[in-house]
Amino acid sequence: SFFLLQSQLSQALNGLSDRAKEAKEFLVQLRNMVQQIQENSVEFEACLVAQCDALIDALNRRKAQLLSRVNKEHEHKLKVVRDQISHCTVKLRQTTGLMEYCLEVIKENDPSGFLQISDALIRRVHLTEDQWGKGTLTPRMTTDFDLNLDNAPLLQSIHQLDFVQMKVSSPVPAPPILQLEECCTHNNSATLSWKQPPLSTVQVEGYILELDDGNGGQFREVYVGKETMCTVDGLHFNSTYSARVKAFNKSGVSPYSKTLVLQTSEDTQSEEQTLPFPVPLERSQLRRMSPFSSTLNLQPSFPGRSYFELRSSAHQLSLHSSLQSLNSAGELMAWFSFDPASAHADIIFSNDNLTVTCNSYDDRVVLGKTGFSKGLHYWELSIDRYDNHPDPAFGVARIDVLKDAMLGKDDKAWAMYVDNNRSWFMHNNSHTNRTEGGITKGATVGVLLDLTRRTLTFSINEDQQGPVAFENLEGLFFPAVSLNRNVQVTLHTGLPVPEFYASRSAMP
């Protein structure tokens, strides 16, 4: 009986153990759902902001068109009234002159002279009086603007703007397959190629390619888009990178592909080591743009030699790269966007994080996603809105710069702040080099960071603004802007060096 009870209890425990194991797996699934919900929320909010911004832009464009029509009607009314004023003034002057002449004639005491001109003068008076006939002293134009804006249907549509059930119960894509035969290396570039499984019928909207930092660190997105091939430039020498790709559609994101391991060659020219990538811990929002790292750069894909061997692990592939030194200039044109993760909470992002403004009247700081420690880099900020003559600041900063004050107030930022008339350079709250020339809506501010010469230079509308702003710069610098709610700017990156600096660099 004892052994029988033991056996029954053991069997019961086995069943309970199975339920506990299933519960643990279920908890893992639920925790993964929490992470996925957070990621999907970020992506969905970004999409919603972009859609609403597009509606606002369309409304602003229509407002400009309607205002143009009002201005044309305004000019037309003024022209008609001014023409009538001019015409009436001339006629009144002629009438007044005739009246004065007639009064002088009546005063004359020479009857014979009066008789000679009286008939002609009387006819002329009657003719002039007839010219002031009906309608002459009536305005030809009304002061009212007979333009009524029918905005009721649009207002109703805005009030009815709501979410619709877009998702159908469809599966997420299958993991992409890395195509070894098309992956290749050439100089300091590695090309990665992938495809969907041959029998997969699930619709794919795009792919997300991720690469670690070459030192076993955090993965980061280097490309998001519909292409199935990507070339990565400017990898560190003597480093081991891991690459992976996943697909996405409206239903969600696929699992990752197998991991591709890239081993770069040793650098025979003793390249200076750069600092690790500034990677935020959370996954970035989806972007349809070029990559944003100072050491990663998308280029058109190209054929090249392949260097592969299968590792013993079934889940990893090894790509041994024969990478050479950087190009002769040692420069990479970097693409990047603004970084919501490190920005002040009052900063408002739109346009795939390329456009920023602020909901505060105080200055707030936003940084770019990319940190630079070497090379020549140039980016521009176009002024989309500029009201009430504020003084935004543009420049570079350390990652731990003050976010709730104007750029340059502390020793972690090097900036130029500018209003509608003049500009100043500022670092550690020291203001120098007042220079005439300001910004308005539509202006462009350029920032040129030359870490070979260790200088920072600014331009406004493609002309250098003042002298070289700062010298002896060293370390890791992030593009930075400070602004308040009266300013909106859009970032433009991956730009060539401006002519005024290129010509100076070419001088012996």
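How many bridges pair strand β17 with β24, and in which sense, parallel or antiparallel?

Author: This is a predicted model, where local features need pLDDT of at least 70, side-chain atom pairs count only at pLDDT 80 or more, and totals for chains, interfaces and linings use all residues. Residues are numbered from 1 along each chain as its sequence is written, and side-chain values use heavy atoms, with hydrogens and water left out.

Now to the strands. β17 covers residues 393-397. Five bridges pair β17 with β24, and the sense is antiparallel. Strands here are DSSP runs (E, at least two residues), numbered from the N terminus; helices are runs of H or I with at least four residues. Two strands pair if DSSP finds at least two bridges between them.

β24 has another neighbour, strand β15 (residues 364-367). Four bridges join β15 to β24, and these strands also run antiparallel. Here Leu367 has Ala480 as its bridge partner.

Next, look at β24 itself. The strand spans residues 478-483 and is mostly covered. Six of its six residues are buried. Buried means under 20% relative accessible area; exposed is over 50%, and partly exposed lies in between (1.4 Å probe, protein chains only). Which way do the residues point? Phe478, Ala480 and Ser482 point one way. Pro479, Val481 and Leu483 point the other way. Both sets are buried.
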